[in-house]
Amino acid sequence: MALEMQVVPCLRDNYAYLLHEPQTGRTAVVDVPDTAPLHEALEKTGWRLSDILITHHHEDHIGGVMRLREDTGAAIWGARADSHRLPPLDHALAEGDGVALGGESGVVLDVSGHTLGHIAYHFPQSGLAFTADSLMVCGCGRLFEGSAAQMWDSLCKLMALPDETLICSGHDYSLGNTAFAKSVEPENPALDARIAQMAQDRVAGRPMAVATLALEKATNPFLRAALPAMKAAHGMEDASNAEIFAHLRALKDRF
Ligand code: ZN
Ligand code: FE
């Protein structure tokens, strides 16, 4: 049975995700920017929190972890590589490790780049991937700690997931990200359609931190870096994939 999911907006533009395994009642949250919206969502759903899954060490993702743990007794999962700067972990994870939530099992991917030790959680049976500040809606996280080559490698791992996978990211940066995407690829009909759809979603107040991998591949400039047309448009026909990615990331930093 697939996981049920609730998207929980937190702080200014962060998103946390509640995951509920209906057979056993196990309920996990991915990242804890803040506790109040999560308590509210848990109360509404009647779900009892059992697990806290951390993606990376930034305060806007872990700020509420200790309080939520005190309130619920939930077990904390996070990257072993980051254990020195995360709340105390009950389960220290590395790439390839499993996260069992009742009948559903998640797999850990190392998606370093935004930070070193940033991990993503992929739940293949439910077709969900929690990517936080690695792959984001129409964009990717800034390179604070890792290199462009590392981030490119991380994005390639995510691109290898099934196309129908729902990518659930850590923020809604859709406005800036689509504006940048349009500047890089002015004539991409899929991107234009997405921008029009997002305008409607924004009016309707629908969260924009979730999209299929297929849609990201069709519109996200960072996933399109290796396309010959992208390289040609930037006069980088002979560049490696990591080099054109680095170029696009640098352009976005100045955008
Ligand atoms: Zn971050
Ligand atoms: Fe963040």
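Predicted model: local features only at pLDDT ≥ 70, side-chain atom pairs only at ≥ 80, totals over all residues.
Contact here means heavy atoms within 4.5 Å.

**First stop: helices 4 and 9**

Select residues 148–159, which form helix 4, together with residues 241–254, which form helix 9. The axes of these two helices are 9 Å apart and meet at an angle of about 105°. Angles of 65 to 115 degrees count as roughly perpendicular, and helix 4 and helix 9 are therefore roughly perpendicular to each other.

Next, display the side chains where the helices touch. Helix 4 contributes Ala-148, Ala-149, Met-151, Trp-152 and Leu-155, while helix 9 contributes Asn-241, Ala-242, Phe-245 and Ala-246. Of the residues in this contact, 8 are nonpolar, 1 is polar and none is charged.

**Second stop: Ser-134**

Select Ser-134, located in the loop between strand 10 and strand 11. With 0% relative accessibility, Ser-134 counts as buried. Apart from neighbours within four places in sequence, the residues in contact with Ser-134 include Met-151 and Leu-155, and also Val-111, His-118 and Cys-140. For a distance check, pick the C-alpha atoms of Ser-134 and Thr-115: they are separated by 8.8 Å, and the two residues are 19 residues apart along the chain.

Select ligand 1, the zinc ion. Which residues coordinate the zinc ion? They are His-56 through NE2, His-58 through ND1, His-114 through NE2 and Asp-133 through OD, at 2.2 to 2.3 Å. Along the chain, these donors follow the spacing H-x1-H-x55-H-x18-D. The 4 donor atoms subtend angles of 85 to 171° around the zinc ion, so the arrangement is irregular.

His-114 lies in the loop between strand 8 (104–110) and strand 9 (119–123), and Asp-133 in the loop between strand 10 (128–132) and strand 11 (135–136), so the pair ties together parts that are 19 residues apart in sequence. His-114 counts as buried, at 5% relative accessibility, as does Asp-133 at 4%.

The iron ion is coordinated by Asp-60 (OD), His-61 (NE2), Asp-133 (OD) and His-171 (NE2), at 2.1 to 2.4 Å. The sequence spacing of these donor residues is D-H-x71-D-x37-H. Around the iron ion, the 4 donor atoms subtend angles of 83 to 172°, which makes this arrangement irregular.

Finally, colour Asp-60 and His-61 by accessibility. Asp-60 counts as partly exposed, at 22% relative accessibility, whereas His-61 counts as buried, at 0%.

Note on methods:
Residues numbered from 1 in each chain as written. Chains lettered and ligands numbered in written order. Heavy atoms only, no water. Axes fitted to C-alpha atoms, helices over the stretch in contact; angles between N-to-C directions. Helix = DSSP H or I, 4+ residues; strand = E, 2+ residues; numbered from the N terminus. Parallel < 35°, antiparallel > 145°, perpendicular 65-115°, else oblique. Nonpolar A, V, L, I, M, F, W, Y, C, P; charged D, E, K, R; others polar. Donors = N, O, S within 2.8 Å, 3.2 Å for Na, K, Ca; no water. Tetrahedral: all angles 85-135°; square planar, octahedral: opposite > 155°, others 65-115°. Buried < 20%, exposed > 50% of the residue type's maximum accessible area, 1.4 Å probe, protein only.
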